[in-house]
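Student: Hi, can you walk me through this one? I'm new to it.

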Amino acid sequence: EDCFPPLDYSQQRPSQELVAKDLHGTEWKFRHIYRGQPRRHLLTTGWSAFVNKKKLVSGDAVLFLRGDDGELRLGVRRAVQLKNGSAFPALYSQCSNLGTLANVAHAVATKSMFQIFYNPR
């Protein structure tokens with residue numbers, strides 16, 4: 001709810017179209033709805049195509065952020081695949097200091113800048 005435009009909750013089925021750019025500049029269109037029992041936010045139209053194109057698997061995370069220019073951006077954080085086939089988020093395997101996560105959460109909450117370093121294997 002922090003980075004998506006606000007939904008009109010007075011509608012019976014609140015919904016909107018979202019357009020987000022990935023790191024390669026590709027635009028992805030999703031339908032964002034609020035429904036179900038219990039009520040929850042869902043991405044419908046466009047989501048399956050995105051999942052298939054990006055080859056997402058269980059444990060992967062999709063991050064939505066607002067750029068400095070106000071544009072909606074998205075990125076994918078891949079799960080680490082272990083030899084036994086199980087998956088868990090890469091962030092937890094690479095970060096033994098959970099204080100780092102607390103620092104990032106604080107920066108996001110206070111809308112402060114922080115840096116992310118990516119070291120591919």
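Tutor: Let's begin with a term. Accessible areas come from the Shrake-Rupley method with a 1.4 Å probe. On that basis the protein chain has an accessible surface of about 9,400 Å². Of that surface, 53% belongs to carbon and sulfur atoms. Keep in mind that this is a predicted model.

Student: What share of the residues count as buried?

Tutor: Of the 121 residues of the protein chain, 21% count as buried.

Student: And how many helices and strands?

Tutor: The protein chain has three helices and seven strands. Along the sequence the pattern reads β-β-β-α-β-β-β-β-α-α.

Student: What is the average pLDDT?

Tutor: The average is 80 for the protein chain, and 76% of the residues score at least 70.

Student: Where does pLDDT stay under 50?

Tutor: Over residues 93–97. For that stretch the model has four contacts beyond four places in sequence. Where pLDDT is low, the predicted coordinates should not be read in detail.

Student: Okay, new topic. Which residues make up the largest nonpolar core?

Tutor: That core has 11 residues: Cys3, Phe4, Leu18, Ala20, Trp28, Phe30, Phe50, Leu56, Phe64, Leu72 and Leu74. The elements that give two or more residues to this core are S1, S2 and S5.

Student: How many aromatic pairs are there?

Tutor: The count comes to seven aromatic pairs. Take tryptophan 28 and phenylalanine 50. Their ring centres are 5.0 Å apart and their planes are at 80°, so the pair is edge-to-face. The cut-off for edge-to-face is over 60 degrees.

Student: Where do those two sit in the chain?

Tutor: Tryptophan 28 is in strand S2 (residues 27–35), and phenylalanine 50 is in helix H1 (residues 47–54).

Student: Is tryptophan 28 buried or exposed? And phenylalanine 50, buried or exposed?

Tutor: Tryptophan 28 counts as buried, because its relative accessibility is 12%. Phenylalanine 50 is buried too, at 0% relative accessibility.

Student: What about phenylalanine 30 and tryptophan 47?

Tutor: They form a tilted aromatic pair, 5.7 Å centre to centre with 55° between the planes. This pair also links distant parts of the chain. Phenylalanine 30 is in strand S2, tryptophan 47 is in helix H1, and 17 residues separate them.

Student: Why does phenylalanine 30 count as buried?

Tutor: Phenylalanine 30 counts as buried because its relative accessibility is 2%, and the cut-off for buried is under 20%. Tryptophan 47 has 25%, so tryptophan 47 counts as partly exposed.

Student: What does phenylalanine 30 touch?

Tutor: Leaving out residues up to four places away in sequence, its contacts include Gln16, Leu18, Leu43, Trp47, Phe50, Phe64 and Leu74.

Student: Which residues do the ring pairs link into a cluster?

Tutor: Phe4, Trp28, Phe30, Trp47, Phe50 and Phe64.

Student: Switching to strands. How many bridges join S2 to strand S3?

Tutor: Four bridges join S2 to strand S3 (residues 40–43), and the two run antiparallel. Isoleucine 33 has leucine 42 as its bridge partner in S3. The hairpin of S2 and S3 has four residues between the strands. In that hairpin, glycine 36 takes a positive phi near 100°.

Student: And S4 with S5?

Tutor: Strand S4 (residues 61–66) and strand S5 (residues 72–77) run antiparallel, joined by six bridges. Valine 62 has valine 76 as its bridge partner in S5. This hairpin has five residues between the strands, and glycine 70 takes a positive phi near 90° there.

Student: Now lysine 54. Where is it, and what does it touch?

Tutor: Lysine 54 is in helix H1. At 19% relative accessibility, lysine 54 counts as buried. Lysine 54 touches Asp22, His24, Trp28 and Arg78, not counting residues up to four places away in sequence.

Student: Is histidine 24 buried or exposed?

Tutor: Histidine 24 counts as exposed, at 69% relative accessibility. Histidine 24 is in the loop between strand S1 (15–21) and S2. Histidine 24 and glycine 75 are 51 residues apart in sequence and 9.8 Å apart in space, C-alpha to C-alpha.

Student: Last one: where does arginine 13 lie?

Tutor: In the segment before S1. Arginine 13 is exposed, with a relative accessible area of 55%. Its C-alpha atom is separated by 6.5 Å from that of arginine 35, 22 residues apart along the chain.

Definitions and conventions: Residues numbered from 1 in each chain as written. Predicted model: local features only at pLDDT ≥ 70, side-chain atom pairs only at ≥ 80, totals over all residues. Heavy atoms only, no water. Phe/Tyr/Trp six-rings, centres within 6.5 Å; stacked < 30°, edge-to-face > 60°. Buried < 20%, exposed > 50% of the residue type's maximum accessible area, 1.4 Å probe, protein only. Contact = heavy atoms within 4.5 Å. Pairing = 2+ DSSP bridges. pLDDT = per-residue confidence, 0-100. Core = buried A, V, L, I, M, F, W, Y, C linked by side-chain atoms within 4.5 Å.
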